[in-house]
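Try each one before you read its solution.

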Amino acid sequence: MAEEKKPVKYDIDGFDVITTALQELVNQFPELREGDEIAFSTLDDASGKAMFPVSGAVIESEKESITGHVTQVCLYPFCVIYRISGANAKRKADTKEWLDNLGKWLEKQTITIKNNTYKLEEYPVLTGNRKFLTIDRQTPAYLDSINENKSENWAINISARYQNDFDR
């Protein structure tokens, strides 16, 4: 018997809220150099770092009480791309480590950068009745693609899970 596929639903309003919060959060990453940033959905031809949403904020589960109070658990998958040019083996390894450290840091793990340790203590407060539950790596960092100009796109896939409470 074929399983009935439920239509995918999205937290449309939550997309902008989560995108803004994650954009601010990834740009607090301690390994970002002064003046460096993780842009949103845009990269230079030869270098740069950017965050790209994968699909929007998918509603994973939804519970509604008899009083009309709704609790949704939503998933916001995204990837961070780090583009490098003219990379030797060490630069590639450093880029992979940088992305893996970003993932660990977002998971609230302790990371070490130049003999200093850093740990993300809490996720940012979201507007409305949304709150981050977890942010997890879906993959280790990997070489995603090589461009015509020989620059390389290194990527890590991450998912932010959050809760959204409201009354219908």
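A residue is called buried under 20% relative accessible area, exposed over 50%, and partly exposed in between. Keep in mind that this is a predicted model.

**Exercise 1.** Classify Asp 36, then look at its salt-bridge partner.

Solution. Start with the accessibility: Asp 36 has a relative accessible area of 29%, so it falls in the partly exposed class. Next, find the partner: Asp 36 pairs with Lys 49, with 2.5 Å between the closest N and O atoms. The two sit 13 residues apart, Lys 49 in strand S2 and Asp 36 in the loop between H1 and S1, so the pair links distant parts of the chain. Finally, Lys 49 comes out at 10%, so it counts as buried.

**Exercise 2.** Which parts of the chain does the salt bridge between Lys 92 and Glu 152 link?

Solution. First the distance: the closest N and O atoms of Lys 92 and Glu 152 are 2.7 Å apart. Then the location: Lys 92 belongs to helix H2 and Glu 152 to strand S9, 60 residues away. As for accessibility, Lys 92 is partly exposed at 27%, while Glu 152 is buried at 7%.

**Exercise 3.** Check the span of helix H1 (residues 12-26).

Note on methods. Residues numbered from 1 in each chain as written. Predicted model: local features only at pLDDT ≥ 70, side-chain atom pairs only at ≥ 80, totals over all residues. Heavy atoms only, no water. Helix = DSSP H or I, 4+ residues; strand = E, 2+ residues; numbered from the N terminus. Expected span 1.5 Å × (residues − 1). Salt bridge = Lys/Arg side-chain N within 4 Å of Asp/Glu carboxyl O. Buried < 20%, exposed > 50% of the residue type's maximum accessible area, 1.4 Å probe, protein only.
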